[in-house]
Amino acid sequence: MTTPGGPCATEQVDAVSTLVGRAPQYLLWYQDFASAPPEDELCAVQRLGAVPVITWEPWTSADRGPATMRRLVSGALDEYVHKWATALRNWQLPVYLRFAHEFNGDWYPWSPAGGTPPDVHQSAWRRIHDICSDAAATNVRWMWCADAGGPHQKPLTDWHPGDEFVDCFALDGYNWGTTQHCSSWREAEHIFNCALTQTLRLADGRPVLISEVGCAESGGSKPNWITSFVDYVRRHPDVAGFIWFDHDKETDWRIGSTPQAAAAMRSALRGPR
């Protein structure tokens with residue numbers, strides 16, 4: 001799961017765990033390129049008995065443009081990346097690093113629409129990967145994450161940095177319902193099928209995860225959608241699991257947005273993997 005306060009806000013994690021009757025296997029949170037290495041967050045995840053998934057976003061609050069990606073490629077941020085690599089290595093336990101996610105959308109500066117073409121994304125990915133390798137951060141698992149839900153024009157292979165640079169694959173996808181003027185209610189197969197087919201081909205047996213998923217309330221039955229989504233994941237044994245986006249952000253994505261939605265998730269998770 002991912003919650004607004006991140007893994008250090010243990011009361012949020014505990015509240016969702018109580019709601020669904022299960023502790024999370026994965027805890028995901030977000031850090032930008034002004035953030036110090038996540039030592040406190042990693043310790044909190046360890047105490048909670050989960051696997052850490054760090055979404056490392058190449059921007060800062062002062063610069064929301066594509067400059068950070070280009071500075072990465074030029075080597076201007078090597079020292080900063082090395083500090084992160086050293087801290088992750090010293091933690092020793094496995095940690096998933098989800099760098100520059102949803103690169104094939106049009107809402108982040110590390111996408112073509114934001115000013116970062118695929119070749120620059122690939123170069124930045126390879127550079128930080130090499131810095132971590134040079135620092136012997138062998139416990140870092142590189143998670144390459146595309147957006148599944150949008151009407152994308154380019155194949156995902158355009159962004160793939162190469163098999164030797166990726167350990168696992170991920171997809172993000174949301175049912176926006178009728179919360180946006182151009183959105184409609186969409187079932188899981190309509191959101192994920194196309195991107196999942198491409199991703200499984202690229203993964204070639206390596207792990208695949210749905211690393212962000214959520215459902216709006218407007219436009220259909222969220223409890224029914226949750227039930228059918230969990231069943232969708234079960235029908236795809238190549239998908240290792242999912243991380244629910246438990247945030248009240250653009251809309252109320254939370255599992256507990258209504259008692260009925262929470263009950264649906266609790267019931268769905270009781271079934272077999």
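A pocket is taken here, on a 1 Å grid over the protein atoms alone, as an open set of points where a 1.4 Å probe fits, with protein on both sides within 12 Å along at least five of seven lines, and its lining residues have an atom within 4 Å of a point; grid points are joined across faces, edges and corners, and a volume is the space filled by probe spheres set on the points. The model is predicted, so that local features need pLDDT of at least 70 and side-chain atom pairs count only at pLDDT 80 or more, while totals for chains, interfaces and linings use all residues. Residues are numbered from 1 along each chain as its sequence is written, and side-chain values use heavy atoms, with hydrogens and water left out.

The second largest pocket has a volume of about 490 Å³ and is lined by 22 residues, of which Arg22, Gln25, Gly241, Phe242 and Leu269 lie nearest its centre. The largest pocket, with a volume of about 900 Å³, has a lining of 33 residues, and Asp106, Trp107, Asp147, Gly150 and Trp176 are those nearest its centre.

Cys145 is buried (under 20% relative accessible area, with exposed over 50%, partly exposed in between, 1.4 Å probe, protein chains only), at a relative accessible area of 1%, whereas Cys43 is partly exposed at 34%.
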